[in-house]
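Reader: Hey, I'm new to this one. Can you walk me through it?

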Amino acid sequence: MTEEQTVTPAESGGTPPAAPPAFARPGAPTATGPARRPMQRRGPRGRYPPRRRVCQFCVDKIDVIDFKDVSRLRRYLSDRAKIEPKRKTGTCARHQRQLAVALKRARFMALLPYTANHIRLSGISLRG
Ligand SMILES: [Zn+2]
């Protein structure tokens with residue numbers, strides 16, 4: 001009697017251990033209406049640190065973004081010299097469009113890097 005209890009399912013080898021309950025979804029929507037999950041966190045929180053959603057160009061009343069303003073534009077490139085999305089920087093649509101053009105002009109004038117490789121070669125540090 002005790003012998004049976006000590007044997008684990010993996011050691012017995014005969015029948016495979018019972019499969020886990022098939023895809024139990026705690027927050028699955030029901031027929032009565034959309035499921036509300038009060039306690040569950042939805043999605044990976046903190047992927048980007050929470051920032052204030054204000055467009056820095058609107059705050060500074062900048063009408064036309066100058067591609068020569070490298071110190072300002074630099075903040076809108078990622079560490080791999082990619083243009084940051086507006087969901088990360090809070091830039092409004094109008095200024096995000098201008099910003100993309102200005103960044104590309106600055107790249108063409110060799111004021112800003114195109115790739116991470118350029119950062120290493122030129123020694124321009126984007127952050128800090
Ligand atoms: Zn703006």
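This is a predicted model: local features need pLDDT of at least 70, side-chain atom pairs count only at pLDDT 80 or more; totals for chains, interfaces and linings use all residues.

Reader: OK, what is the average pLDDT of the protein?

Author: The average is 76, and 55% of the residues score at least 70. pLDDT is the predictor's confidence in each residue, from 0 to 100. Confidence is lowest in helix α2 (residues 9-12), with a mean of 48, and highest in α6, at 97.

Reader: How many helices and strands are there?

Author: Seven helices and zero strands. Helices (H or I, at least four residues) and strands (E, at least two) are DSSP runs, numbered from the N terminus.

Reader: And how much of the protein is buried?

Author: Of its 128 residues, 11% count as buried.

Reader: Let's look at α6. Which of its residues are buried?

Author: H95, L99, A102, L103 and A106 are the buried ones. Looking down the axis of α6, those residues fall within an arc of 105°, so they line one face of the helix. The arc is that of the directions from the helix axis to the C-beta atoms.

Reader: What about the other side of α6?

Author: There you find A93, R94, V101 and F108, which are exposed.

Reader: What covers the buried residues of α6?

Author: The cover includes α3 (56-59) and α4 (70-73).

Reader: Which residues make up the largest nonpolar core?

Author: There are 11 in all: F57, I65, F67, L73, Y76, L77, L99, A102, L103, A106 and L112. Helix α6 gives the most to this core, with four residues. A nonpolar core is a set of buried Ala, Val, Leu, Ile, Met, Phe, Trp, Tyr and Cys residues joined through C-beta atoms within 7 Å.

Reader: What is L103 in contact with?

Author: Leaving aside neighbours within four places in sequence, L103 is in contact with L73, Y76, L77, I83 and L112. Two residues are in contact if their C-beta atoms, placed from the backbone, lie within 7 Å.

Reader: Switching topic: where is A81 found?

Author: A81 is in the loop between α4 and α5 (86-89). A81 has a positive phi of about 70° although it is not a glycine. Most residues other than glycine have a negative phi. A81 counts as partly exposed because it has 19 C-beta neighbours inside 10 Å.

Reader: And what does H118 touch?

Author: Not counting residues up to four places away in sequence, H118 touches A81 and P113. H118 lies in helix α7 (residues 116-122). The C-alpha atoms of H118 and A81 are separated by 8.6 Å, with the two residues 37 apart along the chain.

Reader: Last one: is K61 buried or exposed?

Author: K61 counts as exposed, since it has 6 C-beta neighbours inside 10 Å. K61 lies in the loop between α3 and α4, and has a positive phi of about 60°.

Conventions
Residues are numbered from 1 along each chain as its sequence is written. A residue is buried if 20 or more other C-beta atoms lie within 10 Å of its own, exposed if 12 or fewer, and partly exposed in between; C-beta atoms are placed from the backbone.
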